[in-house]
Amino acid sequence: MKQILQSLENGETQITDVPAPLVRPGHLLIQTCASVVSVGTEKMLVEFGKASLLQKARSQPERVKQVVEKIRTDGLLPTVAAIQSKLSQPIALGYSSAGIVLEVGQGVEGFIVGDRVISNGQHAEIVNVPTHLCAKIPKIEPEIPFNHAAFTVIASIGLQGVRLLQPTLGERFVVTGLGLIGLLTVQILRANGCEVLGIDMDSARLALAQGFGASTVDLSKGEDALEAARLFSKANGVDGVIITASTKSNEPVHQAAQMCRKRGRIVLVGVVGLELSRTDFYEKELSFQVSCSYGPGRYDEAYELKGQDYPFGFVRWTEQRNFEAVLLLIAGGQLRLDPIISHQFSLDKAVEAYDLVAGGGNVLGVVLEYSTDTTPQLNSSVFLNTMTQAKPQNPVVGVIGAGNYTAQVFLPALKRTQARLGVIASSGGVSAVHLGKKFQFERATTDAKSVFQDSEINTVIITTRHDSHAKYVIEGLKANKHIFVEKPIAISRKELQQIEDLYNQLSAKGAAPLIGVGFNRRFAPQVIKIKSLLDSVRDAKVLNMTVNAGFIPPDHWTQDMELGGGRIVGEACHFVDLLRFLVGCPINQVSAVCAESVQGKIPDCMVINLTFEDGSIGTIHYLANGHKSFPKERLDVFVGGKILQLDNFRNLTGYGWNGFQKMNLLNQDKGHAAGIAAFLLAVSQGQAAPIPFHEIVEVSKACFDAVEKAGLVHATN
């Protein structure tokens, strides 16, 4: 299928062939019939892409600070590579569309194939959208045309601003900025029985607002907005102001405060300067609120992705119910869209549409229309390159997952191996196509199952979210594929036991493929050096690992026990494996304790104590409450009157070692490339896996033990 993508690197807009998405549980697969270009948001993205690197940096000073910190910890070259990788990734544009339901995902109620719906789907021929971001188009005669219904999501942004304003019949409001959302907001306020004063510098938009029943102020003619508001409000001050303008100036908020009556309301929908004057608000006891997109539920994964609705009696207007309200306004003729549509383009002319938007001028509602003559073919794969030349014994690799880690760390390392890159899969398809072209894969797909069904693929690499790891490992073993999975191998004991049982069954038959896990730190060059030094000493070792892991919000998926397994299982496993590798003996005891606050246990601030069969002991301080300027990872090893200290995988110092004092690296090396290369070498040469399977299981169980010993709830069964 075709989809519109935009580069953040150079601002180029492209119509790209990408694999069609597969319907997911809780989602609808929709054939797009029309979509609307957001002149404000999408123009801003195009302008950012076309800006120079210096201009990009100036527009995001907080990102510059992050870059400086990353250079300090990781080194210059890895930081530059990460920035280039991030900027090179295309963005899928669009968020307001309408179409026809092609497939209904598992667990979805209230929708059937053939329904006419709106969604926040992107500019693509086929979109896969969670049901709470969709709504049915009312069945009326004549039907609401798709090019009108496609405005619903954008209009809901204005509606949410109006809801926060809490208008009542007969109140008087000002709308500052009469762009697309501003003109929709004018109509919504008029539908609420309110008087409206619109402010803008564009005479054509002012004329449209007048046609919708608003009074206007033309700033281009020098008209005084404050005086107009005084007359409009009969010298009482307006009841409220909605700001839908986009400017860096603080003037719109200051002006809004001056226009309002005592206890007036100001709602910000657009993007303006926010250096507020206390005097403006204090004297009149004004309220000021920033509106969040389409309404309650926006950016809440439990609502949008998991389908957990808010109780109707407590949250009357969720984003989905706002969509439905907008559609009723369209159906009733209270939201007129024909006057707002300034341009219409077919999808294959979309680049012209974006050139028009970027050029400015009298652009308002830009609609993209899609061919609906035939039902589209749901091709879940696209071919990118002809088959690459590789030696017959070299692994033929399929990669499932195309996120940031895959792009910035994994694929550059994989590209340096002798493997033939067969297929890369991602759920949306866009990232798979981008990375597939960049790293010269033969095919990109949205169907992960096809990777296991491909007879040419003998090695599958899994870099997806943690909750899918065990499922894919089991599927790979059943398909007789060698499996390399980014840690963790599983997020529950039940999953781990299923993998262990299946692996042991295959091993008993002499048919077990290799399994590798991304415990890369044991392959880091400085760790290899530490291991060689420790192997020369027979005494018990004392190891202390300090991990300044950094804060991650509690609602992040890695903190979700069902999705990420929590940070101990999902990330601290790295350090359990590192100590297990360096000691070289099985772990025979695990204890752990969490820090506690007034809210209870802090699951990502944990001290884990390990004892080993040879009498060695290890402690892992996994901490999320430190400062990011401090090195992230530090290892101290005490043994036989000697000490080794590894600082952030860049500086290794020895104390008391004959012939060794230090091993420093210019850039951080945590062993990613070496770990991948070692696994693929084992595949090609028929050797044993670099990390024995029993050690992978042992480390995983130790992490489950730590979580449970610390008193945390965990899905271990």
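A disulfide is a pair of cysteine sulfur atoms within 2.5 Å, and I started from that cut-off when I went through the cysteines of this predicted model.

**Cysteines**

I looked for disulfides and found that the structure holds zero of them. For Cys134 I checked the closest cysteine sulfur, which belongs to Cys33 and lies 13 Å away, so the two are too far apart for a bond. I also noted that Cys134 is buried, its relative accessible area being 0%. Cys703 is likewise in no disulfide, and I found its nearest cysteine sulfur, that of Cys573, at 5.2 Å.

**Nonpolar cores**

I then turned to the nonpolar cores and noted that the largest has 97 residues, with Ile118, Leu414 and Ile424 making the most contacts inside it. I listed what Ile118 touches beyond four places away in sequence, and the list includes Cys134 as well as Leu133, Ile137, Val153, Phe323 and Leu327.

**Salt bridges around Glu171**

My count of salt bridges came to 32. I followed Glu171 to Arg261, where the closest N and O atoms are 3.8 Å apart. Glu171 lies in the loop between helix 6 (152-165) and strand 9 (172-176), while Arg261 belongs to strand 13 (residues 260-268), so this pair ties together parts that are 90 residues apart in sequence. Glu171 also meets Arg265 in a salt bridge, at 2.9 Å from N to O, and this pair too links distant parts of the chain, since Arg265 sits in strand 13, 94 residues away from Glu171. I compared how covered these side chains are: Glu171 is buried at 11% and Arg265 is buried at 14%, whereas Arg261 is partly exposed at 24%.

**Salt bridges around Arg580**

My last entry concerns Glu695 and Arg580, which form a salt bridge with closest N and O atoms 3.9 Å apart. Glu695 is in helix 23 (residues 693-709) and Arg580 in helix 21 (residues 566-583), and the two residues are 115 residues apart. I recorded Glu695 as buried at 11% relative accessibility, and Arg580 as buried at 4%. Tracing shared partners, I found that salt bridges join Arg522, Asp577, Arg580, Glu695 and Glu698 into one network.

Methods:
Residues numbered from 1 in each chain as written. Predicted model: local features only at pLDDT ≥ 70, side-chain atom pairs only at ≥ 80, totals over all residues. Heavy atoms only, no water. Buried < 20%, exposed > 50% of the residue type's maximum accessible area, 1.4 Å probe, protein only. Core = buried A, V, L, I, M, F, W, Y, C linked by side-chain atoms within 4.5 Å. Contact = heavy atoms within 4.5 Å. Salt bridge = Lys/Arg side-chain N within 4 Å of Asp/Glu carboxyl O. Helix = DSSP H or I, 4+ residues; strand = E, 2+ residues; numbered from the N terminus.
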